[in-house]
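Here is a friendly briefing to read alongside the structure. Please keep the viewer open as you go through the points.

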Amino acid sequence: MKKSFTQILMDWHRHQNDREMPWKGEKKPYRIWLSEIILQQTRVEQGMGYYHRFIEQYPTIQDLAKAPDQQVFKLWEGLGYYNRCRNLLYTAREIVHQRNGLFPDTYEALLALKGVGPYTAAAIASFAYNLPYAVVDGNVFRVLARYMGVDTPTDSTEGKKIFHDLAYQMLDKKEPALYNQAIMDFGATVCKPMSPLCAACPLQNGCAALSTGKVNQLPVKEKTLQRRTRYFNYFILEYRQKIWVQQRTAKDIWQQLFEFYLVETEKQVRWDHSLIQNWLRDQLNIHEPVIGKIAEPLVQQLTHQQIKGQFIHLQLKQKPASLKGGDWKTVAQIQELAFPKLITSYLPQLKS
């Protein structure tokens with residue numbers, strides 16, 4: 001009897017899948033939820049270290065719920081997409097204070113949690129409670145699109161319905177946790193985005209994309225992100241061994257993280273001593289600063305925008321009265337604050 005897609009995939013998982021991850025086989029909903037939130041928009045290799053550090057520092061959801069915001073943000077530093085971290089804290093506190101520390105055990109209740117979408121709810125429901133919900137992430141889209149030969153865009157309304165229906169049809173209803181892990185690992189290690197292992201693939205005989213020569217054309221995406229470049233000029237204002245910092249509060253990138261005095265410009269500025277002195281005098285009423293290092297620009301690539309940042313170090317003779325909303329911190333105190341990756345990459349220069 002010819003084996004089905006699901007049978008072949010489950011056999012591969014049991015006998016050939018050697019992909020190691022610290023949360024594989026985990027049944028505690030707190031740890032599954034934590035790993036899934038960390039892995040949203042994050043590569044597994046990058047997320048592993050963060051997962052271990054979070055589990056070590058906050059072994060239970062009660063520990064996470066009572067942690068100070070800035071302590072958690074500092075631990076999250078470098079992962080990006082900080083809205084995930086805000087949702088993490090919100091949900092931890094909601095579960096502790098409103099649900100007596102007990103995670104929801106139904107898909108619908110999980111989906112109602114802040115920061116938990118259909119994929120994450122399905123992952124927790126299947127991995128923690130073995131409920132028959134199919135996870136649909138990029139790996140699953142790719143495996144199903146290629147095997148079934150589906151060229152409907154995965155990010156279209158029609159495509160999302162098609163792939164979610166397909167994922168549920170293929171799901172092993174008796175062992176959903178094992179199946180979900182199998183198809184995700186298969187997409188990550190065999191049916192890869194680039195250079196998939198088609199020659200050694202156990203599903204090759206039934207794969208529509210392989211038989212029609214469309215492996216590298218599937219899956220299809222409808223939308224392409226419009227990228228833009230932003231220019232951040234950071235003035236590191238130092239007075240009596242303290243540096244002025246402020247917290248980003250606007251609904252923009254890096255909300256709730258800290259930064260130095262920022263001037264955003266429409267294009268790259270070639271700062272020299274004369275331009276810096278004139279700008280400081282006209283904008284902040286700062287006179288005769290000692291201009292230190294004008295660092296080479298640094299770049300941080302986000303999903304939809306590129307940030308080019310430049311750092312200019314200044315020693316001031318007096319505190320500018322026009323500076324509002326921030327605070328003066330020592331270098332040691334600055335090390336305890338959570339900054340965007342662009343700034344953390346510059347901090348070693350600040351210490352030196």
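**Helix 13 and its surroundings**

Helix 13 is followed by Asn285, whose phi is positive, near 60 degrees. Please bear in mind that this is a predicted model. The points below begin with that helix and then turn to the cores, the aromatic residues and some backbone details.

*Helix 13*

- Helix 13 has 12 residues, 273-284, and at 1.5 Å a residue it should span 16 Å; its end C-alpha atoms are 16 Å apart, so expectation and model agree.
- Its buried residues are Ile276, Trp279, Leu280 and Leu284.
- These residues lie on the same side of helix 13, because the arc they cover around the axis is only 100 degrees.
- As background, an α-helix has 3.6 residues a turn, so residues three or four places apart point the same way.
- The cover over the buried residues of helix 13 includes strand 1 (228-239), strand 4 (261-265), strand 5 (290-294) and strand 7 (305-315).

*Nonpolar cores*

- The largest nonpolar core holds 100 residues, and those touching the most other members are Phe5, Trp33, Phe54, Leu64 and Phe260.
- Leaving aside residues up to four places away in sequence, Trp33 touches Ile61, Leu64, Leu88, Thr91, Ala92, Phe103, Val116 and Ile124.
- Another core, of 19 residues, lies apart from the largest one; among its members are Val263, Ile276, Leu323 and Trp328.
- In soluble globular proteins, nonpolar side chains tend to be buried together.

*Aromatic residues*

- The model has 22 aromatic pairs.
- Tyr239 and Trp328 form an edge-to-face pair, with 6.3 Å from centre to centre and 65 degrees between the planes.
- Because Tyr239 lies in strand 1 and Trp328 in strand 8 (residues 327-329), this pair ties together parts that are 89 residues apart in sequence.
- Both partners are buried: Tyr239 has a relative accessibility of 15%, and Trp328 has 13%.
- One aromatic cluster is made up of Phe232, Tyr234, Trp254, Phe258, Phe260, Phe311, Phe339 and Tyr346.
- Phe260 of this cluster is also one of the residues that touch the most other members of the largest core.

*Charges over rings*

- Arg53 lies over the face of Tyr50, at 4.7 Å from the ring centre.
- Lys173 lies over the face of Tyr168, at 4.5 Å from the ring centre.

*Backbone details worth a look*

- Most residues other than glycine have a negative phi, and most peptide bonds are trans.
- The peptide bond from Leu218 to Pro219 is cis, with omega near 0 degrees.
- Pro219 is found in the loop between helix 12 (208-212) and strand 1.
- Gln41 is not a glycine, yet its phi is positive, about 60 degrees.
- Gln41 sits in the loop between helix 2 (29-39) and helix 3 (44-57), and with a relative accessible area of 54% it is exposed.
- Trp254, also a residue other than glycine, has a positive phi near 65 degrees.
- Trp254 is in the loop between strand 2 (242-247) and strand 3 (258-259); at 7% relative accessibility it counts as buried.

Key
Residues numbered from 1 in each chain as written. Predicted model: local features only at pLDDT ≥ 70, side-chain atom pairs only at ≥ 80, totals over all residues. Heavy atoms only, no water. Helix = DSSP H or I, 4+ residues; strand = E, 2+ residues; numbered from the N terminus. Expected span 1.5 Å × (residues − 1). Buried < 20%, exposed > 50% of the residue type's maximum accessible area, 1.4 Å probe, protein only. Arc of directions from axis to C-beta. Contact = heavy atoms within 4.5 Å. Core = buried A, V, L, I, M, F, W, Y, C linked by side-chain atoms within 4.5 Å. Phe/Tyr/Trp six-rings, centres within 6.5 Å; stacked < 30°, edge-to-face > 60°. Lys NZ or Arg CZ within 6 Å of the ring centre and 35° of its normal.
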